[in-house]
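Thanks for making time this morning.

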Amino acid sequence: MSLPRLLSLQGTLFAMMLIGVVLKKRGVVDENGKKCLTDLCIQVVIPCNIFKSCLIEFNMTIFRFCALLLCSAVLLQVLCLVLNRFLYCRCSAAQRKVLQYCTIVPMSGFLGNPVAEGIWGSLGGLYTSVF
């Protein structure tokens, strides 16, 4: 991917976030609207994006790479679970819960899928969805 294309993708995502901030500050989007948009993203847009990423021509190389990605993701989650037992022992109980959650659950679904698909095309979207 070329640098101008990457910058264009990042600029587009930044512009969308900026529009959301402006709409929220002006009161166009209230708490109900925010919940509605979040539900729309989680229940419609992201599943459709994942489904769309699977609509590519499959071959055994892609299947093997997806299996490797899935194994890597499982191993990473196990490592995070183990690290969570030791990393946050000195924090308060409330803070420890938040830090453990942040360590285990990445928020890459919101921006990770569109960025990967923008950089690497449909195959990047598929790999991100599998991981």
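What follows is a short tour of the chain as a whole.

Please keep in mind that this is a predicted model, in which local features need pLDDT of at least 70 and side-chain atom pairs count only at pLDDT 80 or more, while totals for chains, interfaces and linings use all residues. Residues are numbered from 1 along each chain as its sequence is written, and side-chain values use heavy atoms, with hydrogens and water left out.

On confidence, the mean pLDDT (the predictor's confidence in each residue, from 0 to 100) of the protein chain is 87, and 96% of its residues reach 70 or more.

As for the fold, the protein chain has 5 helices and 0 strands, taking helices as DSSP runs of H or I with at least four residues, and strands as E runs with at least two.

Turning to dimensions, the C-alpha trace spans about 50 × 45 × 30 Å along its principal axes. The radius of gyration, taken over C-alpha atoms, is 18 Å, whereas a compact globule of 131 residues would have one near 14 Å; that globule rule is 2.2 Å times the number of residues to the power 0.38.

Buried residues, meaning those under 20% relative accessible area with a 1.4 Å probe and protein chains only, make up 16% of the 131 residues.

Finally, counting Lys and Arg as positive and Asp and Glu as negative, without His or the chain ends, and placing each charge at NZ of Lys, CZ of Arg, CG of Asp or CD of Glu, the mean positions of the 12 positive and 5 negative charges are 13 Å apart.

Note on methods: Buried means under 20% relative accessible area, exposed over 50%, partly exposed in between (1.4 Å probe, protein chains only).
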